[in-house]
Amino acid sequence: MPRLVIAAPSSGSGKTTVATGLMAAFAGRGLAVSPHKVGPDYIDPGYHALATGRPGRNLDAYLCGPELVTPLFAHGARGCDLAVVEGVMGLFDGVSGQGELASTAHVAKLLRAPVVLVVDASSQARSVAALVHGFASFDPEVRLAGVILNKVGSDRHEAILREALDESGVPVFGALRRGGEVVTPSRHLGLVPVAERGAEAVAAVAAMAELVRVGCDLDALYAMARSAPSLGGAAWDAAEVLGSLPQPAPSRNRGSAPDPGPRTPDGPNRPDRTVDDKPRVAVAGGPAFTFSYAEHSELLAAAGADVVAFDPLRDEQLPDGTGALVIGGGFPEVYASELSANEPLRKAVGELARSGAPVVAECAGLLYLARSLDGQPMCGVLDADARMSQRLTLGYRDGVAVSDSVLASNGTRVRGHEFHRTVVEPGAGATPAWGITRPERRVEGFVQGGVHASYLHVHWASVPQAARRIVAQATEVARATEGVTPS
């Protein structure tokens, strides 16, 4: 698999512009391009997907473990002509206090991939050679294959930079001029997601592609990508992973089987939810809920679910036959008024949760299930209120399940990530979801009936049994209401 890792000395150097532009430029040449992002970021993969027409996928050696990086990469890149991997932060920046773990350099070494360094050259001249020499020599196991100069001011500036780098022996694959036409607005958690920008995002990706096409030597970059050695081992496969796991025991927190209740078409026991059919898992999407890993839906499908997306901003009911609900991360705080105004859907979510059906929510989903968000009524599933905060909560977390839930059995250890500027009060229910063990010790989240709600983002490739548990409990609840048929 021809592959390149796009890295930088630090954040803000232009990695996303270059990586996305390369993906789109190569796709414009007719290549099938596989897009990847190092770390837990959800927003950049949205731009990658727009550039390539394929799901943007994350490679996180902390959340999933180093052993899964290559299999997940091979899974995402299956059938493609080229893979482009956008790095995170600076090339050698990893988990605090744990060396190179989860850094771009770590992932590049696991993938045996050449690295192209994007350098912001706006305030330097010959010193660029010293900077690049330092990155090229810091870790001999990282193959620094070349440089793309960003924010170059003029022809003269470019000539000075190239002359300096000629002495270093590191090839220059391109030079991008300062003041391009790429518009990528940011907000309190980073770039505004693709789903919120529509035609503007399409135009931005096209501008990135043109900037890279004009300023970079695509032929030389592709030749470098093709120089990457073969990768051994099998690709990750959701069905094979689940096939190796034991069947989960029913969650003890759900309690007794729910009363089927009235036979209304909009209630939690819709007549079209049958035991003989695949359990239908509704996954929230749309502008308010854009954070998800592609592997989650793939695992749910492999576990036997019919996975259906819906938009809580637009849809007034859950998809017909919904037997389980997954609400990932996103920006409900930006759309609090619209989410609150969709009262029919809020009522349907509450009814589904009260039925004992699996409802799994992380971060933004947690806010949506709360009683209120910034004073706006939400679904009221949880006896908690959420509000915006000035404080950014960001970082990896180690946790352990402190109770049985639809997502994990008591004692299951996970690695997750928190990323939000909101506060939920209280921060944990009578039955918490997780005990956080690093970097601080605390309990967090809510488990009640079939509901599991938490701030923690967890990549299910590291805990694939989560998908199996969700589908198993959806089937169990459906069996408890078996016999409900249309009148």
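A salt bridge here is a side-chain nitrogen of Lys or Arg within 4 Å of a carboxyl oxygen of Asp or Glu. By that rule, the whole structure, which is a predicted model, holds 23 salt bridges.

Start with Arg-57 and Glu-295. Their side chains meet in a salt bridge, 3.1 Å from N to O. Arg-57 sits in strand S3 (residues 57-59) and Glu-295 in helix H10 (residues 294-302), so the bridge ties together parts that are 238 residues apart in sequence. Both partners are buried. Arg-57 has a relative accessible area of 8%, and Glu-295 has 1%.

Glu-167 and Arg-126 pair in another setting. Their closest N and O atoms are 3.3 Å apart, which makes a salt bridge. Glu-167 belongs to helix H6 (residues 155-168), while Arg-126 is in the loop between strand S5 (115-120) and helix H5 (127-138); the two are 41 residues apart. Glu-167 counts as exposed at 56% relative accessibility. Arg-126 is exposed too, at 57%.

A further bridge joins Arg-442 and Glu-440, at 2.3 Å from N to O. Arg-442 is partly exposed, with a relative accessible area of 27%. Glu-440 is also partly exposed, at 29%.

Now take a charge without a partner. Lys-15 lies in helix H1 (residues 15-28). Lys-15 is buried yet has no salt bridge. Why does Glu-86 not count as its partner? The side chain of Glu-86, the nearest of opposite charge, is 5.4 Å away, and a salt bridge needs nitrogen and oxygen within 4 Å. Glu-86 is still among the residues that Lys-15 touches, as are Gly-87, Val-88, Met-89 and Val-118. Ile-6, Ala-7, Ala-8 and Ser-10 are touched as well.

Helix H1 also contributes to the aromatic pairs. The structure holds eight of them. In one, Phe-26 and Tyr-222 are tilted, with centres 6.1 Å apart and 45 degrees between the planes. This pair links Phe-26 in helix H1 to Tyr-222 in helix H8 (residues 218-226), 196 residues apart. Phe-26 is buried at 1% relative accessibility, whereas Tyr-222 is partly exposed at 21%.

Phe-291 and Phe-331 form an edge-to-face pair: 5.4 Å centre to centre, 80 degrees between the planes. Phe-291 is in the loop between strand S10 (280-284) and H10, and Phe-331 in the loop between S12 and helix H11 (336-341), so the pair ties together parts that are 40 residues apart in sequence. Phe-291 is buried at 3%. Phe-331 is buried with a relative accessible area of 0%. With Tyr-42 and Tyr-293, these two residues form one aromatic cluster.

Turn next to helix H14 (residues 465-480). It has 16 residues and reaches 22 Å from first C-alpha to last, close to the 22 Å expected. Its buried residues include Ala-466, Ala-467, Ile-470, Val-471, Ala-474, Val-477 and Ala-478. Arg-468, Arg-469 and Gln-473 are buried too. What covers the buried residues of H14? The cover includes helix H9 (238-243), H10, strand S12 (322-327) and S13.

An unreviewed UniProt entry lists Cys-363 for "active site". Cys-363 lies in the loop between strand S13 (359-362) and helix H13 (364-369). Is Cys-363 buried or exposed? Cys-363 is buried, with a relative accessible area of 6%. Beyond its sequence neighbours, Cys-363 touches Phe-419, His-420, Ser-454, Tyr-455 and His-457.

Terms used:
Residues numbered from 1 in each chain as written. Predicted model: local features only at pLDDT ≥ 70, side-chain atom pairs only at ≥ 80, totals over all residues. Heavy atoms only, no water. Helix = DSSP H or I, 4+ residues; strand = E, 2+ residues; numbered from the N terminus. Buried < 20%, exposed > 50% of the residue type's maximum accessible area, 1.4 Å probe, protein only. Lys, Arg positive; Asp, Glu negative; His and termini not counted. Contact = heavy atoms within 4.5 Å. UniProt positions renumbered as here; feature names shortened; annotations may be inferred. Expected span 1.5 Å × (residues − 1). Phe/Tyr/Trp six-rings, centres within 6.5 Å; stacked < 30°, edge-to-face > 60°. Lists of a residue's contacts leave out its neighbours within four places in sequence.
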